[in-house]
Amino acid sequence: MAVTQGAQQTEPMVDNPRRRRLITLLGVVRQQADALATALDKGARDMGSGQVWFGTTGTAFQQEIEGRKQRLHQQVGELEGIVNAAIAKEPEKITASEARAQHNAYYY
């Protein structure tokens, strides 16, 4: 399909490469979400046991890692929605020159 102005055909429409990359990213996010969300769980659990590092400094670090673990769980939970929102903003088709410009901006 081409963009038309009046009776004049100007430029073909092509798949939006940015949208394709975002869809690929969404697949990666879905595959890796559990691993990302739980990346700090073992460290927090180990620190919470009181056998790894104890005392005032150990307690402070345990609280810090626990907070970071909670924030990580929250952020990973929001990640799929963020990528989906970005996909929704991208048109499926764009002009060939727009696709070339995206390609050049991405790779160069």
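Val29 touches Leu79, Glu80 and Val83 when residues up to four places away in sequence are not counted; touching, or contact, here means heavy atoms within 4.5 Å. The model is predicted, and local features need pLDDT of at least 70, side-chain atom pairs count only at pLDDT 80 or more, and totals for chains, interfaces and linings use all residues. Residues are numbered from 1 along each chain as its sequence is written, and side-chain values use heavy atoms, with hydrogens and water left out.

Helices (H or I, at least four residues) and strands (E, at least two) are DSSP runs, numbered from the N terminus. For single residues, buried means under 20% relative accessible area, exposed over 50%, and partly exposed in between (1.4 Å probe, protein chains only).

Attention now turns to charged side chains. Side chains of opposite charge can pair when their charged atoms come close. The structure holds six salt bridges, a salt bridge being a side-chain nitrogen of Lys or Arg within 4 Å of a carboxyl oxygen of Asp or Glu. One of them joins the side chains of Glu90 and Arg18 at 3.4 Å, N to O. This pair links distant parts of the chain, 72 residues apart: Glu90 is in the loop between helix 3 and strand 3 (93–95), while Arg18 is in helix 1. Glu90 is buried because its relative accessible area is 16%, whereas Arg18, at 37%, is partly exposed.

Two further salt bridges each sit within a helix. The side chains of Asp46 and Lys42 meet at 2.7 Å, N to O. Asp46 and Lys42 are four residues apart in helix 2, so about one helical turn separates them. Asp46 has a relative accessible area of 28% and is therefore partly exposed. In helix 3, Arg68 and Glu64 are likewise four residues apart, about one turn of the helix, and their side chains form a salt bridge of 2.5 Å, N to O. Arg68 counts as partly exposed because its relative accessible area is 46%, and Glu64 is partly exposed too, at 37% relative accessibility.

Asp41 lies in helix 2 and is buried, with a relative accessible area of 18%. Although buried, Asp41 has no salt bridge, and the nearest side chain of opposite charge, that of Lys69, is 4.5 Å away; in this count Lys and Arg are positive and Asp and Glu negative, while His and the chain ends are not counted. Leaving aside neighbours within four places in sequence, Asp41 is in contact with Lys69 and His73. Lys69 itself lies in helix 3 and counts as buried, because its relative accessibility is 16%. Beyond residues up to four places away in sequence, Lys69 touches Leu40, Asp41 and Ala44. The C-alpha atoms of Asp41 and Glu64 are separated by 13 Å, and the two residues are 23 apart along the chain.

The surface comes last. Val52, Trp53 and Phe61 make a nonpolar surface patch of about 280 Å². Patches are made of residues with over 30% relative accessible area and no salt bridge, with like charges joined within 9 Å and nonpolar side chains (Val, Leu, Ile, Met, Phe, Trp, Tyr) within 5 Å. Accessible areas come from the Shrake-Rupley method with a 1.4 Å probe, and for residues only the protein chains shown count as cover. Val52 is found in the loop between helix 2 (41–48) and helix 3 (55–89), and Val52 is exposed because its relative accessible area is 51%. Phe54 is found in the loop between helix 2 and helix 3, and at 65% relative accessibility Phe54 counts as exposed.
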